[in-house]
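Thanks for coming. I have one structure to go through today, starting with a single residue and then moving out to the chain. Here it is.

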Amino acid sequence: MTDSAVEAHFDEVIARHDRIEPRDWMPDAYRRTLVRQIAQHAHSEIIGMQPEGNWISRAPSLRRKAILLAKVQDEAGHGLYLYSAAETLGVSRDELVDNLLTGKQKYSSIFNYPTLSYADVGTIGWLVDGAAICNQVPLCRTSYGPYGRAMIRICKEESFHQRQGYELLMTMMRGTPEQQEMVQESVNRFWWPSLMMFGPPDENSPNSERSMAWGIKRNSNDDLRQKFVDMTVPQADALGICLPDPSLAWNASREHYDFGEPDWDELAAVIRGDGPCNAQRIEHRRRAHEDGAWVREAATAFAAGGEIGD
Ligand SMILES: [Fe+2]
Ligand SMILES: [Fe+2]
């Protein structure tokens, strides 16, 4: 096929909302955008294990520990599917890991906040995984095949994550006044950072438009944020939790909830590296990577035909 024919093929696949596959021709900028987005997503899953992993050794019961372990292991799996999807675009795993550890590529700002009580496990499941679901369900229809297929599996597990969080909070809200207070305090800390997970407002999101034209993104940041708020307010009411936003109110003419403006300077600072836990998260990941070197060496030797114990 000629250059213009392969280009026409790409445009046509995008126009009919079909999938681009690894062997198809694609514009360089499309490939770069995808590598950046999928890598950032993979890094978020991996770093996202840390805030909740912090509580595995202190879970209040065997049942809670089993649930939390399963959830954190799912996040590791999500990271691995996504690194594999990124590798189909011609980047290596080593490069991706290096980009995370050197700060060349980012991960979701939400994971730079600390987890101060066990209620945070519930709040993260309910709000953070809830926000992730809003972001990720439309990505099941993204134009790049391996990314979209990874997202289908991931979304099924994310809904389990959200439910376990909601169920934990419901149990605590039926508990003692101290437990109820613990939940409210936790939600107060995580509400605004959860809204920031959808990224800056549309007018300050320079790459969004092109990503939408390419079918990588299917909805704008502000639309997804609104969807999340609309979904979450009735759940907060059912739980008996007060969301920390005085301007939150049903708007009958818009048929949506109105809500206040997140502190965008705070988001910019956390992305820049000045969040409460940025340095700690990367340091922990670097140590885990170094501690795992022997596993990678053993796997490489085994793949090359040696035997364990040679
Ligand atoms: Fe995940
Ligand atoms: Fe999750």
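Start at Asp 120, which sits in helix H6, residues 119-136. Helices here are DSSP runs of H or I of at least four residues, strands are runs of E of at least two, and both are numbered from the N terminus. Before going further: this is a predicted model, where local features need pLDDT of at least 70, side-chain atom pairs count only at pLDDT 80 or more, and totals for chains, interfaces and linings use all residues. Residues are numbered from 1 along each chain as its sequence is written, chains are lettered from A and ligands numbered from 1 in the order in which they are written, and side-chain values use heavy atoms, with hydrogens and water left out.

Is Asp 120 buried or exposed? Asp 120 counts as buried because its relative accessibility is 0%. Buried means under 20% relative accessible area, exposed means over 50%, and partly exposed is in between, using a 1.4 Å probe and protein chains only.

What does Asp 120 touch? Leaving out residues up to four places away in sequence, the list is Pro 114, Thr 115, Ser 186, Arg 189 and Phe 190; a contact means heavy atoms within 4.5 Å. Ser 186 is 66 residues from Asp 120 in sequence, yet their C-alpha atoms are 5.7 Å apart. A polar atom of the Asp 120 side chain also lies 2.6 Å from the backbone nitrogen of Leu 116.

Now the whole chain. There are 13 helices and 2 strands. The radius of gyration, taken over C-alpha atoms, is 21 Å, close to the 19 Å that the globule rule gives for 310 residues, so the chain is as compact as a globular protein of that length. That rule is 2.2 Å times the number of residues to the power 0.38. Along the principal axes, the C-alpha atoms fill a box of roughly 65 × 60 × 35 Å. Of the 310 residues, 48% are buried. Among contacts with a separation of 6 or more, 78% come from residues 24 or more positions apart.

Last, two backbone angles. His 17, in the loop between helix H1 (3-15) and helix H2 (28-47), has a positive phi near 55 degrees, and it is not a glycine. His 17 is exposed, with a relative accessible area of 58%. Glu 255, in the loop between strand E1 (249-251) and strand E2 (256-258), has a positive phi near 60 degrees, again in a residue other than glycine. Glu 255 is exposed, at 57% relative accessible area.

How values were computed: A polar contact is a pair of N or O atoms within 3.5 Å; within protein, one must be able to donate a hydrogen and the other to accept it, and residues adjacent in sequence count only if both atoms are side-chain atoms.
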